[in-house]
Amino acid sequence: MAKDSRELDARYYMPAFSRTMKIVRGAGSRVWDDQGKEYIDCVAGIAVCSTGHCHPEVVEAICDQARRLIHCSNLYYVPNQAELAERLVATTGLAKAFLSNSGAEANEGAIKLARVRTGRKKFVAFTHGFHGRTCGSLAVTHKPTIREPFEPLEPACTFVDYGDLDALAAAIDKDTAGVFVEPIQGEAGVLIPPETFFRGIREICDDAGALMIVDEVQTGMGRTGKWLAIQHTGVTPDIVTLAKGLASGFPIGALVAREGLEFDRSEHGSTFAGGPLACATALATIGVIEKILPGIPAKGERFMKGLARHNPRGRGLMIGISVGDRCPEVQRICAENGVLVNCAADGNLRLIPPLVITDEEIDTAVGVIDAALD
């Protein structure tokens, strides 16, 4: 008799997550649980399943590469790796890429690169910002409840209010290597500052000789209607980090840097990063996103108009609604009615569906969310 996976989980898996359902199958913007119930997925693995679940072009790329070569050490030239780096440089407008296995690792790499190239040690980041849970990325993540239990952390980081340029200028000194910033704060509930904020960061960093590091782990790869959310502002950062939507759910991350910023031999490395299977999946994902990218702003507008009376905030298919203490209840009611949504920080409902979601699915989801909010 097959063992119950929930019992096995309770017995053998560390209880780091709160979860109630088991998802067993997905197709496009829909998933099914182990009871056969169907849902429109407006979580998408937390902005990961950019091309939807099991997109045929992505599945084909995975299967084709898996038959040829699954792993190859970075001691050798890795199939698909240079090709992916070329695509990342083209989409970001920067110069050189380095691959990782996750967004947190990409941000760790950005920390190392900023420190080794500037010779400086400290960073500035913003309140409510999220950059990962490894010790380095956690040091530049603001949320006290997840950061403080693991202090002291390195590197040293000063936090200033998101949007406050005067506080940023005052916080930077001659030992500041870089400023970490999200163009839209996703984990905080989809918070969008004025575009002038990013021009100000660029000017302050240039004056101080610090690097502008833009965390696009959640906002990148078409989520907001451009390859990068920072591209809406006209500002070019020194380093960009990517991950979630880069390979449709296959673990991969990347940092991409401007000309003159790169690791020298033996300054950084990883056994699994940039493997042939991950890179093949990312290349296929980029190919799919390239075709659907022009339609993403209209899909976002459809969501925003449908939920207009709840005062949504958003750009493209990244939408937040302030709900307050009722957010878990709204999330539950939506799930009961066949739509998966997510509560981010501070009672903010977050919608980050697959980029392939259809107009019909948007309208259905809007109806369920609207009713739940009421």
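Ala, Val, Leu, Ile, Met, Phe, Trp, Tyr, Cys and Pro count here as nonpolar, Asp, Glu, Lys and Arg as charged, and the others, Gly among them, as polar. With those classes, the lining of the second largest pocket divides into 15 nonpolar, seven polar and six charged residues. The model is predicted.

Stay with that pocket for a moment. The second largest pocket has a volume of about 1,000 Å³. Its lining comprises 28 residues, and those closest to the centre are Asn 74, Gln 81, Ala 97, Phe 98 and Phe 263. Three elements each supply at least two lining residues: α4 (81-92), β4 (96-100) and β10 (253-257).

Rolling a probe the size of a water molecule over the atoms shows where empty space is left. The structure holds one cavity of 30 Å³ or more. The volume of the largest cavity is about 30 Å³. Around the largest cavity stand Ala 47, Ser 50, Gln 218, Gly 220, Met 221, Arg 223, Gly 245 and Leu 355. By class, this lining has three nonpolar, four polar and one charged residues.

Now the rings. A pair of aromatic rings is described by the distance of the centres and the angle of the planes. Searching the whole structure gives six aromatic pairs. Take Phe 126 and Tyr 162. Their ring centres lie 6.0 Å apart with the planes at 75°, so this pair is edge-to-face; the cut-off for that class is over 60 degrees. Phe 126 belongs to strand β5 (residues 122-126), while Tyr 162 sits in the loop between β6 (157-160) and α8 (165-171), so the contact ties together parts that are 36 residues apart in sequence. Buried means under 20% relative accessible area. Phe 126, with a relative accessible area of 2%, is therefore buried. Tyr 162, at 17% relative accessibility, also counts as buried.

Tyr 162 has another partner. With Phe 197 it forms an edge-to-face pair, 5.4 Å centre to centre and 80° between the planes. Phe 197 lies in helix α9 (residues 196-208) and Tyr 162 in the loop between β6 and α8, so this pair ties together parts that are 35 residues apart in sequence. Phe 197 counts as buried because its relative accessibility is 2%. Ring pairs link Phe 126, Tyr 162, Phe 197 and Phe 198 into a cluster.

Turn to the sheets. Strands of a sheet pair through backbone hydrogen bonds, either parallel or antiparallel. Four bridges join β1 to strand β2 (residues 30-33) in the antiparallel sense. Gly 26 has Val 31 of β2 as its bridge partner. The charged end of Arg 25 sits over the ring of Trp 32, 3.9 Å from its centre.

Another open sheet has four strands in the order β11-β12-β15-β14, and here the pairing is antiparallel. Its edge strands are β11 (313-314) and β14, and each pairs on one side only. Follow the sheet across from β11. Two bridges hold β11 to β12 in the antiparallel sense. Arg 313 stands opposite Gly 320 in β12. Strand β12 (residues 319-322) then runs antiparallel to β15, with four bridges between them. Gly 320 also faces Arg 350 in β15.

Cys 343 stands opposite Leu 349 in β15. β14 and β15 make a hairpin with four residues between them. In the turn, Asp 346 has a positive phi of about 55°.

Which way do the side chains of β15 point? In a regular strand the side chains alternate between the two faces of the sheet. In strand β15 (residues 348-351), Asn 348 and Arg 350 point one way, and Leu 349 and Leu 351 the other way. All four are buried.

Key. Residues numbered from 1 in each chain as written. Predicted model: local features only at pLDDT ≥ 70, side-chain atom pairs only at ≥ 80, totals over all residues. Heavy atoms only, no water. 1 Å grid on protein atoms, 1.4 Å probe; cavity = no way out; pocket = protein on both sides within 12 Å on 5 of 7 lines; lining within 4 Å. Points joined across faces, edges and corners; volume = space filled by probe spheres on them. Phe/Tyr/Trp six-rings, centres within 6.5 Å; stacked < 30°, edge-to-face > 60°. Buried < 20%, exposed > 50% of the residue type's maximum accessible area, 1.4 Å probe, protein only. Lys NZ or Arg CZ within 6 Å of the ring centre and 35° of its normal. Pairing = 2+ DSSP bridges.
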